[in-house]
Amino acid sequence: MDGLPSTGLPSGLPSASLSSAILQDPSKAAALPVPEAAARRNPQKRPPNGTRRFGIAVRITLGLSVMALLVVLIGGVSMSSFRLFRAEVTALSTNTLPEVITGAELHGALQKLVAQLPQLAAATSTPQRRSIYDGLVTELDSMQLLVARMRGLMRENGEDGGERDGNVRLLEQTRSTLLILAATVADLNAEVTRQIEHGDHQAEAARALSRLATSMESLPDTGAWAVRIGALMARAASAMQLDHLSRLKGEAKSAERTLADLARLTSGAPDPTGQMMSSVQEELSSLLVAPGGLFASAIDRLQARNRAQALTGQAQVLVETLERSTRALYDSIRDQSAQRTDALAELITERTRAVMLLAGTSILLAVGVYFIFRRFLSSRLIAMNRAVLARLARNREAADGTEESVPIPAQIPAQIPVDGDDEITDIGASIRYFIDEIDRRQQALADNERRFRDLVEGSIQGIVIHRDFHALYANDSFAAMLGLTVAEVMALPSLLSVVAAAERQAMIDNYDQLLEGGQSTPRRRIRARRPDGAGLWVELTGRRVDWMDGPAIQAVVVDVTREVEAENALRQSRDGAERALCELKATQASLIQAEKMASLGQLVAGVAHEVNTPIGITITGASQLQALIGELSDRHTANALKRSDFQRFLDDGMEMANLILSNSTRAANLVQSFKLVAVDQSSDERRAFLLRDYIDELLRSLHPTYKARTALTIAVDCPADLELDGYPGALSQILTNLIMNALVHALDPEQPGRISIAACLTDGDMVELSVGDDGNGIAPEVLPKIFDPFFTTRRGSGGSGLGLHIVYNLVTGRLHGTIGVESRPGRGTRFTLRFARVTEAGRELP
């Protein structure tokens, strides 16, 4: 129960709780007198409403205006100081400090460059040279980025002056020097590269010369030629140690002359010694004086070394220039930063003194305003507050009936003081008026409480107020509902004891929801039980109310046992009707299945009769052929076989064989068509098939049922390439029922008739299939009922009324399509089916 009950309404019942207990009966609430009506019956003097020229409002406004003016002045000075301070700090943090940091980084990067530059000139291998050069390029790029950053900072700062212009000139000088230094380092790297490469060539030539000297030890003695060759090789080895370019070039020319003299000696030597000497001389010439030889490599190496030394000196001069310009730039920026910092400190000191002076003035003014307000405002308000408290204490004593509960000092007046001629005087008079008015309204409220109590306790609906399911109030109607008295209801340990066990948790949850949300709950029905064990059904609504200094739940309870019993009886009747409907549907399904089997049995009987004739002819032909073969065998055994007999046997045997073959083929075609249609009708297999071929197979299977009607014509108009992907069994049963329906109901057996079957694709991938006849047609009053189950116009002639109902279910269920019919009496009937060429998967026949 959302809210369950109290033995009686206390005298101090709040009006909100009482109004909720009226059970939403506004007519009764409107009939009660209200405090305003009581006030009209007891008119009192209204509170004064005078105006003064120099009252409390003017005094307060004047004092607060002076303080506000001073506060605004302090705020203006503070905001101005703060803006100046913020501007200076912003300039230091966004321009000056980044410039100092960037200048320091630029100077530090230059020191790294100075340390790495000599290492490049002293590199002796390609990996070492590449590593040092990459480091130099990185440092140069870093310095270029630092210079660009410094330019951006100076451009953002935008200050004019001689120092700023000098910094810009130093920065531009640094940037141009860096560009020249970068080009110089690149040239130095190229010369060191050539020096290392020529050194490697020189070392390779020296090793080849050593190998040649070793191989000459195994040659035969050649006298003076060998001595001069050895001397030349020794001079070449010693020349490689020279560091003087001119002397090295002289040794190279001397080696060329020696080789020329040796060539003349070689030309006069006999073979094979002459050939050997010529080979050695040519190899020695290529090693020493040829381009890329020992002397050429040594000369190129010395030239590259000399150029590298010159470039190193140039780079050092550029680095010294950078050192001077970056140092001067850093010092200038640092001095400017120090100047701005000193100016900021002076600004802070100056503005702090001004703010402190204004703050001291405001404190003195606040003290003065305090004493003024205390003299004219607070002391009088305190006296008024004491008088109000004393009046309230006397009212409580009167209500409680005790005169000694709260001692009141003698100096506190019995009435609210109204001395003076300002707004406080008006406030005192207003308070005195409102206290008197409250007394009158309390009396009126007590009268209303008595009337509300009579309405609640006399209500025909059960009302109960509870907290944690412990009853705080209950009326007589609620107690009578449980077969108890109000006192017995109040004595219950928990109101959950009168609720069915299955409903208790829901009641607890609803109780928590009401306490949290405070919204009224809709009416709901629960099972309850009386203490004597009798059960009953109740409907209740609940809401949260304030009751006795705390939240509680109020519930309105109505006994609906009779209504529930009537609903149960109605529900049992409905359940019986639903069971009967289910049984009817099961019977309908079985009849539909029986109708399917009947149509299939009819098809079987017709095909069996049709197949019997070709099979009989086949058996007769086979027996006749067997007799002919026996007769021929006997004549052959008796040596009486003539040529004419054998020719007659061949003619008769060929005729019998043709007869057997044609009738066997006819029977096989009939069986194949019947098998295809019968299997499709008896199964729900899905597959792809050509619609025209399938209609032809179906008509062959049905042919025994209408072959006696010689005047009947069945025309098929369907594209040969129209392929469906669906359930051929369903389509076969639909066409069979429509054709048989036309044969039975529309066309007279003795009269000419026509059945037309047409199919085509429409609207993209939709198939429109129509089956029409030119028979008797359908009467207009019958046409709306033809698809209803068990409806037939041939009830006494064996009709079940399920044929077209089965067709409708198959079209709308299995094929997920639609079926329509057009008919005019005496002019025929046409059924039109529309369904998808590819039947949607995943849906079952309803």
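Colleague: Along strand β8, which residues have side chains that point to one face and are buried?

Modeller: In this predicted model, strand β8 covers residues 723-726, and its side chains alternate.

Colleague: Which residue of β8 is the bridge partner of L690?

Modeller: Strand β6 (residues 687-690) and β8 run antiparallel, and four bridges join them. In β8, the partner of L690 is E723.

Colleague: Are α17 and α18 roughly parallel or oblique to each other?

Modeller: Helix α17 spans residues 691-706 and helix α18 spans residues 728-746, with their axes 11 Å apart. The angle at which they pack is about 45°. Angles under 35 degrees would count as roughly parallel. The two helices, α17 and α18, are therefore oblique.

Colleague: How many charged residues does the contact of α17 with α18 have?

Modeller: The crossing of α17 and α18 is right-handed. On the α17 side the contact includes L691, Y694, I695 and L698, and on the α18 side it includes P728, G729, L731 and S732. By class, this contact has 13 nonpolar residues and four polar ones; the number of charged residues is none.

Colleague: Is S477 buried or exposed?

Modeller: S477 lies in helix α12 (residues 476-481). Leaving aside residues up to four places away in sequence, S477 touches S459, I460, Q461 and G462. Its relative accessible area is 17%, and the cut-off for burial is under 20%. S477 is therefore buried.

Key:
Residues are numbered from 1 along each chain as its sequence is written. This is a predicted model: local features need pLDDT of at least 70, side-chain atom pairs count only at pLDDT 80 or more; totals for chains, interfaces and linings use all residues. Side-chain values use heavy atoms; hydrogens and water are left out. Axes are lines fitted to C-alpha atoms, for helices over the stretch in contact, and angles run from 0 to 180 degrees between N-to-C directions. Angles under 35 degrees count as roughly parallel, over 145 as roughly antiparallel, 65 to 115 as roughly perpendicular and the rest as oblique. A crossing is left-handed if the near helix is turned anticlockwise from the far one by less than a right angle, and right-handed if clockwise. Contact means heavy atoms within 4.5 Å. Ala, Val, Leu, Ile, Met, Phe, Trp, Tyr, Cys and Pro count as nonpolar, Asp, Glu, Lys and Arg as charged, and the others, Gly among them, as polar. Buried means under 20% relative accessible area, exposed over 50%, partly exposed in between (1.4 Å probe, protein chains only). Two strands pair if DSSP finds at least two bridges between them.
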